[in-house]
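Have the viewer open as you read.

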Amino acid sequence: MAACIHTERRPRLNSSGLRNLRQKGRLPGVVFGKNADNEIIHISTKQFEKWLKRGASGFIELQMEGDRSMTVLLEDLQRNPVTRALVHVDFQLVQTGEIIRTKLGVKFVGTPIGTKSGGVVQIQAPYVEVEALPKDLPTTVELDISAMEVGDTLFVKDLTLPPEVTVISGDNELLVSVSKP
C-alpha cells in the first residue's frame with residue numbers, strides 16, 4: 001500500500017521564498033519522469049518525516065489539488081549539513097508499463113554470532129540499485145546476517161531478489177561486515 005501525501009504546486013521561488021516555505025512546515029520538491037513535464041511542488045514536512053521514520057521505502061501517492069494523484073518513488077533527499085533539517089526532495093514518477101531504476105532499502109535481519117565475541121557490525125551500503133517494472137518491485141530486500149562471524153562480509157551477490165528484478169549495483173559491492181573493534 002502506497003503512502004498518501006497531500007501535495008500542492010508551487011511557483012519558482014528564490015532562496016528567501018523557499019526558506020519562508022520551509023518555516024511554514026512545507027518541504028519544497030520536484031517530480032520528474034520519462035516523457036513527463038517536471039512538476040514543482042511542496043509537501044508537508046511533518047507528514048514526510050513520518051513516512052521516513054516508518055522505513056522510507058515503497059511507493060508514495062502524491063495527492064494533488066483537483067483530485068489528481070501521482071505515484072512516485074523517492075529519488076533524492078537533501079538535508080542541511082549542520083542541522084540535518086530537510087531542505088528539498090526529488091521524486092521519480094512511476095509509469096506502470098515502463099521499467100524504472102531505483103534504490104531499494106536493504107533490511108538487515110538478525111544479530112550476528114560474531115557480536116557475542118566482540119565483533120562490530122558495519123553497514124557499508126543500506127541500499128541496492130535495481131531495475132524492474134513497478135508491479136515487480138519489492139519495497140525492501142531482507143538479508144539475514146545472524147550467521148555472520150568476525151571477519152565475515154556480505155555483498156550484493158548474496159541478496160535474494162525475484163527474477164523480474166535486475167540488479168544494477170555491482171555484485172562485489174560490500175553491504176555489511178562484522179569486524180574486530
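## An aromatic cluster

F48, W51 and F91 come together as one aromatic cluster. Rings of Phe, Tyr and Trp (its six-membered ring) pair here if their centres lie within 6.5 Å, with planes under 30 degrees apart called stacked, over 60 edge-to-face and the rest tilted. That rule gives two aromatic pairs. One of them is F48 with F91, an edge-to-face pair at 6.1 Å centre to centre with 85° between the planes. This pair joins distant parts of the chain, as F48 belongs to helix α2 (residues 45-53) and F91 to strand β6 (residues 86-93), 43 residues apart.

F48 is buried, at a relative accessible area of 0%, and F91 is buried too, at 0%. Buried means under 20% relative accessible area, exposed over 50%, and partly exposed in between (1.4 Å probe, protein chains only).

## About the model

This is a predicted model, where local features need pLDDT of at least 70 and side-chain atom pairs count only at pLDDT 80 or more, while totals for chains, interfaces and linings use all residues. Residues are numbered from 1 along each chain as its sequence is written, and side-chain values use heavy atoms, leaving out hydrogens and water.

## A three-stranded sheet

Now look at the open sheet of three strands, ordered β8-β13-β11 with antiparallel pairing. β8 (120-123) and β11 (153-155) are the edge strands; each has a single partner strand, so one side of each lacks a neighbour in the sheet. Strands (E, at least two residues) and helices (H or I, at least four) are DSSP runs, numbered from the N terminus, and two strands pair if DSSP finds at least two bridges between them.

β11 pairs with β13 (residues 174-179) in the antiparallel sense over three bridges. T153 has S177 in β13 as its bridge partner.
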